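The model is predicted.

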Amino acid sequence: MKNGTQLTRAFFAQDTLKVARNLLGARLVRLENGRRLSGVIIETEAYRGEEDLGCHCRAGRTKRTEIMYGLPGYSYIYFVYGMHWLLNFVTERDGFPGAVLIRAIIPDEGQGIIAVRRSERPRAEWTNGPAKLCQALGINGQQNGQDACAPNASIFVERGTEIPAERVSVAARVGLNTVPEPWKSIPWRFLAKV
DNA sequence: AGCACGATTAACT
DNA sequence: GTTAATCGTGCTC
């Protein structure tokens, strides 16, 4: 497969940790009114299974989490803190819940629009957080449940440059302040060194 | 029907 | 380092 190819359902159907790791270096693409916005993924987090007490699926199947139990490759976009949207891609086989949170990208296409949406802040602050990148790319609940592997998807991922192991670091997931161990400290956050 | 809290961010001190 | 902003979700009554 060549760079620029849309990632397939087979890619997202793999183990959540593997998907999170291998999304580093791939290109997140947002199509909006014919405009193309994109950036290279440099930070992700894995959320897998009902036993993962950091995952929304710890509550089991609910209206909100149902999407994570379905087919891999769908977008799971949810709202937190009364103001922020966060983007995930569903992973694992149909019936097993899992998702990868996209935490940071390096902005590439559509920088003019991104700058405006990010209130003309410094470039380094455009998309260096999960809610920031959603704001920058115009991602919100309207795209929740969309198939990112479909030909007409408005949010999808393209194959990019592979990040070698020596440029990947792992860490505990962010923001799980009240989540018990071992889930709070489990190293399921993946970062690509620039 | 009510309530506590969250996979965050920006603006403070 | 601390805190307000702000509301959908899931849990309890």
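## Fold and overall dimensions

Five helices and eight strands make up the secondary structure elements of chain A. Along the sequence, their order is α-α-β-β-α-β-β-β-α-α-β-β-β. The radius of gyration of chain A is 16 Å, close to the 16 Å that the globule rule gives for 194 residues, so chain A is as compact as a globular protein of that length.

Taken along the principal axes, the box filled by the C-alpha atoms of chain A is roughly 40 × 40 × 35 Å. Among the contacts in chain A with a separation of 6 or more, 61% are between residues 24 or more positions apart.

## Burial and surface

Of the 194 residues in chain A, 50% count as buried. The accessible surface of the chain comes to about 9,100 Å², and carbon and sulfur atoms account for 53% of this area.

## Aromatic pairs

The count of aromatic pairs comes to five. One of them joins Phe11 and Phe12, whose ring centres are 5.2 Å apart with planes at 90°; the pair is therefore edge-to-face. Phe11 and Phe12 are both buried, and together with Phe89 these two residues form one aromatic cluster.

Trp183 and Trp188 also pair: their ring centres are 6.0 Å apart and their planes stand at 65°, so this pair is edge-to-face. Both Trp183 and Trp188 are buried.

How values were computed. Residues are numbered from 1 along each chain as its sequence is written. Chains are lettered from A and ligands numbered from 1 in the order in which they are written. This is a predicted model: local features need pLDDT of at least 70, side-chain atom pairs count only at pLDDT 80 or more; totals for chains, interfaces and linings use all residues. Side-chain values use heavy atoms; hydrogens and water are left out. Helices (H or I, at least four residues) and strands (E, at least two) are DSSP runs, numbered from the N terminus. The radius of gyration is taken over C-alpha atoms; the globule rule is 2.2 Å times the number of residues to the power 0.38. Buried means under 20% relative accessible area, exposed over 50%, partly exposed in between (1.4 Å probe, protein chains only). Contact means heavy atoms within 4.5 Å. Accessible areas come from the Shrake-Rupley method with a 1.4 Å probe; for residues, only the protein chains shown count as cover. Rings of Phe, Tyr and Trp (its six-membered ring) pair if their centres lie within 6.5 Å; planes under 30 degrees apart count as stacked, over 60 as edge-to-face and the rest as tilted.
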